[in-house]
Amino acid sequence: MYVDYVFSKYHDYARNEYQGYSKAILKSRLVTLVSFFIMGLGVTLVYATGIPLVEEGSITPGTLYLFVFYFGLLLQPIFELLRQIQNLQQADASIDRINEFFATKTVLEDKGEKEALQGPVDIEFKDLRFSYHEEDYVLQEINFQLKKGKTMGLIGKTGSGKTTLSRLIYRLYDYEDGEILIEGIKTKDYSLHELRKMIVIVTQQVELFAATIKENITFFDETISDEVVLETIERVGLTDWLNSQPNGLKTELKKAGLSAGESQLLAFARAFITNPSIVILDEASSRLDPATEVLIEKAVNKLLENRTAIVIAHRLETLEEVDEILILDDGKIKEYGDRKKLVEDKTSYYSHLREVGIEELLV
Ligand SMILES: Nc1ncnc2c1ncn2[C@@H]1O[C@H](COP(=O)(O)OP(=O)(O)O)[C@@H](O)[C@H]1O
Ligand SMILES: [Mg+2]
């Protein structure tokens, strides 16, 4: 049944595409046809007026030939012009699509006026409840207070609401019940742009652009100097990799060839160059092999210093350095507390997981 559905979708798509494409081809062929017609007409006219003149003796056959030759020369730029008009039409269609994209408005109200804060900040969730659809709650009764500069490890089954929680801090969605406070200020009271300036989320999905290494790290922000970029690259441990590139920071990335680990480190460089107050790592290194993951964790621990951080992880080893642990279960807090205390308390669920392995939680 699913196959039928996909094929019927594909059929619709292909049919639309076919209609558009055949129209475009027809138009371009028509333009060519008209151009040849004009050319034929022109040459005929030149001969029709020229031959009698030659017969009369007022011009020589050579002059007539020159006229035909010049007419041919005149046509070349006209053909070129027609070709360019076609190109412009294509560009016009592309610009329409880009404008459409720019015109997309967020449904979130942006009335807050508070500006971004510098340095680490407190994050507090107060009785937060959230659903994507009506009463279907994905998060409920979420209460925690993450003090500035601390790191919280967030664990839970797939679908328990970890990513949703990070999206709410970044305000990709609005919630109706409860509050999220950053440094005591509701996230809605910050201007959306300023709020997002404070926060960086790194996921395992790294989008790279066909641009230089520097542009990929700075997101095309030309105000960031080479020195700052180099320093960030050093901090994430990519200096050796950069030195092996033919044109340094100016190397086009698609040619550079990156391993999964390197592109993940590049994503970290990208995240930390903006010096965010809050960092959220959403299973950022889970795509990598364990050896590379350890390497990255080392880089990350340094980078998290002096920031408030939430680390969503699928390996307990990743969380050995964090200050607090929050375990989510089906959208509710199963356990929350100071990591060291949870380790000491042998009756805690976290201790239990450390003993039997996180697999028990994940299945
Ligand atoms: N954009 C969305 N729209 C509707 N439901 C969603 C959306 N994103 C996630 N969900 C649902 O919310 C629940 C929590 O998902 P998620 O926060 O991604 O969990 P986790 O990151 O812990 O795996 C899941 O049941 C998921 O299907
Ligand atoms: Mg997730």
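Buried means under 20% relative accessible area, exposed means over 50%, and partly exposed lies in between, using a 1.4 Å probe and the protein chains only. Keep those cut-offs at hand for the tour.

This is a predicted model, in which local features need pLDDT of at least 70 and side-chain atom pairs count only at pLDDT 80 or more, while totals for chains, interfaces and linings use all residues. Residues are numbered from 1 along each chain as its sequence is written, chains are lettered from A and ligands numbered from 1 in the order in which they are written, and side-chain values use heavy atoms, with hydrogens and water left out.

**Stop 1: ligand 1**

Now pick out single atoms. A polar side-chain atom of Thr164 lies 2.4 Å from an oxygen atom of ligand 1. Ser160 uses a backbone N or O atom, 3.3 Å from an oxygen atom of the ligand. Arg167 has a polar side-chain atom 3.2 Å from a nitrogen atom of ligand 1. On its own, ligand 1 has 560 Å² of accessible area, and the protein covers 62% of that. Accessible areas come from the Shrake-Rupley method with a 1.4 Å probe; for residues, only the protein chains shown count as cover.

**Stop 2: helix H3**

Select H3 by itself. Six of its eight residues are buried, so H3 is largely enclosed by the rest of the structure. The buried ones are Lys162, Thr164, Leu165, Ser166, Leu168 and Ile169. Arg171 follows H3 and has a positive phi, near 60°.

**Stop 3: salt bridges**

Side chains of opposite charge can pair when their charged atoms come close. A salt bridge is a side-chain nitrogen of Lys or Arg within 4 Å of a carboxyl oxygen of Asp or Glu. By this rule the count is ten.

Start with Arg129 and Asp177. Their closest N and O atoms are 2.9 Å apart. Arg129 lies in strand S1 and Asp177 in strand S4 (residues 177–182), so the pair ties together parts that are 48 residues apart in sequence. Arg129 is partly exposed, at 31% relative accessible area. Asp177 is partly exposed too, at 30%.

Move on to helix H2, where Glu80 and Arg83 are three residues apart. This salt bridge has an N to O distance of 3.1 Å. Finally, select Glu320, Arg339 and Arg354, which are linked in a network of salt bridges.

**Stop 4: one buried residue**

Select Ile310 in strand S8 (residues 308–312). Is Ile310 buried or exposed? Ile310 is buried, with a relative accessible area of 1%.

Terms used: Polar contact = N/O pair within 3.5 Å; in protein donor to acceptor, adjacent residues only side chain to side chain. Helix = DSSP H or I, 4+ residues; strand = E, 2+ residues; numbered from the N terminus.
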